[in-house]
Amino acid sequence: MMEEEKKLTEEEFVIQAIKKLRKDPYRGIHSVYSGFNEAFRKYFGTNPVEATSRLAAGGKIETRPFKGGVMLFLPGEAPKRPTTDETLQIIVANDP
């Protein structure tokens, strides 16, 4: 990397990574299998888990647990989770 290049912020880096690393038909990227975590560590020298957790808490990205790591999504693009009430209804529903 050229030192005179403008360094991206963590938010810019993560959003750009999601947009450029995802493969159709997937809307997100896997933090480990996409190479994101290693690239983040090399670029910033810090822990990507802390940064992505902070960005998710701030609503800048969405995360979902996934085998071996997490999936990273742009806001509004992550699969919807059922509400607690919806899950409870499914569990206790009387099947015919």
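Here are some friendly notes on helix packing and aromatic contacts in this predicted model.

1. On conventions: residues are numbered from 1 along each chain as its sequence is written, and side-chain values use heavy atoms, with hydrogens and water left out. Because the model is predicted, local features need pLDDT of at least 70 and side-chain atom pairs count only at pLDDT 80 or more, while totals for chains, interfaces and linings use all residues.

2. Let's start with the helices (DSSP runs of H or I, at least four residues, numbered from the N terminus). Helix α1 covers residues 10–21 and helix α3 residues 48–57; their axes are 10 Å apart and the packing angle is about 90 degrees. That makes α1 roughly perpendicular to α3, a label used for angles of 65 to 115 degrees. The axes are lines fitted to C-alpha atoms over the stretch in contact, with angles running from 0 to 180 degrees between N-to-C directions.

3. Which residues in α1 and α3 meet? From α1 come Glu 10, Glu 11 and Val 14, and from α3 come Ala 51, Thr 52, Arg 54 and Leu 55, where contact means heavy atoms within 4.5 Å.

4. Leaving aside neighbours within four places in sequence, Thr 52 is in contact with Val 14, Phe 36, Ile 61 and Leu 72.

5. How many aromatic pairs does the structure hold? There are seven, a pair being two rings with centres within 6.5 Å. Phe 13 lies in α1 and Phe 36 in α2 (residues 36–44), so the pair ties together parts 23 residues apart in sequence. Both Phe 13 and Phe 36 are buried.

6. Within α2, Phe 36 and Phe 40 are four residues apart, about one turn of the helix. Their ring centres lie 5.7 Å apart with planes at 45 degrees, so this pair is tilted too. Phe 40 is buried, as is Phe 36.

7. One aromatic cluster is formed by Phe 13, Phe 36, Phe 40, Tyr 43 and Phe 44. The charged end of Lys 7 sits over the Tyr 43 ring, 5.0 Å from its centre (the criterion is NZ of Lys within 6 Å of the ring centre and within 35 degrees of the ring normal).

Conventions. Helices (H or I, at least four residues) and strands (E, at least two) are DSSP runs, numbered from the N terminus. Angles under 35 degrees count as roughly parallel, over 145 as roughly antiparallel, 65 to 115 as roughly perpendicular and the rest as oblique. Rings of Phe, Tyr and Trp (its six-membered ring) pair if their centres lie within 6.5 Å; planes under 30 degrees apart count as stacked, over 60 as edge-to-face and the rest as tilted. Buried means under 20% relative accessible area, exposed over 50%, partly exposed in between (1.4 Å probe, protein chains only).
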